[in-house]
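The entries follow in the order I took them.

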Amino acid sequence: MKNIDPRFYDIIVSPVVTEKATLASEHNKVLFKVASKATKPQIKEAVEKLFDVKVKSVNTLVRKGKTKVFRGQFGSQSDVKRAIVTLEEGHRIDVTTGL
């Protein structure tokens with residue numbers, strides 16, 4: 001087993017499995033939930049080391065948490081940072097199998 005830096009597991013929180021993410025996978029793109037302070041170079045390095053693939057580009061976005069009212073109490077969901085990782089030709093990540 002390779003010696004992988006444990007901080008990579010803190011950067012990549014989980015894969016996103018939605019209809020939009022499935023459609024993006026047809027174009028060599030994979031969506032991940034990432035740490036809110038993670039930068040694009042850190043995300044690129046973490047994906048390359050964890051999944052042994054070559055990353056072409058990384059785009060990030062922050063999805064704002066929704067405000068909800070439950071029994072008269074206001075609350076809000078947490079903001080979530082997502083990364084859209086575009087892979088080089090010939091490389092694939094199957095997020096349904098895990099690491």
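**Sheet and salt bridges**

I started at leucine 61 and found its bridge partner in strand 6: arginine 82. The model is predicted, and I keep that in mind throughout.

Next I looked up the strands around this pair. Strand 3 and strand 6 (residues 80–87) run antiparallel to each other, with eight bridges between them. They belong to an open sheet of four strands, ordered 1-2-6-3, with antiparallel pairing. I noted the edges: strand 1 (12–15) and strand 3 (55–63) each pair on one side only. On average, neighbouring strands of the sheet are turned by 30° against each other, direction ignored.

I then checked what packs on the sheet. Helix 3 does, and it touches strand 1, strand 2 (29–34), strand 3 and strand 6. The direction of helix 3 makes about 120° with that of strand 3.

Then I turned to charges. How many salt bridges does a search of the whole structure find? It finds two.

In one, aspartate 5 meets arginine 7, with the closest N and O atoms 2.6 Å apart. In the other, arginine 7 meets glutamate 45, and here the closest N and O atoms are 3.9 Å apart. Arginine 7 sits in helix 1 (residues 7–11) and glutamate 45 in helix 3 (residues 40–51), so this pair ties together parts that are 38 residues apart in sequence. Shared partners join Asp5, Arg7 and Glu45 into one network.

Last, I looked up accessibility. Aspartate 5 is partly exposed at 30%. Arginine 7 is partly exposed at 39%. Glutamate 45 is partly exposed at 31%.

Conventions:
Residues numbered from 1 in each chain as written. Predicted model: local features only at pLDDT ≥ 70, side-chain atom pairs only at ≥ 80, totals over all residues. Heavy atoms only, no water. Salt bridge = Lys/Arg side-chain N within 4 Å of Asp/Glu carboxyl O. Buried < 20%, exposed > 50% of the residue type's maximum accessible area, 1.4 Å probe, protein only. Helix = DSSP H or I, 4+ residues; strand = E, 2+ residues; numbered from the N terminus. Pairing = 2+ DSSP bridges. Axes fitted to C-alpha atoms, helices over the stretch in contact; angles between N-to-C directions. Contact = heavy atoms within 4.5 Å.
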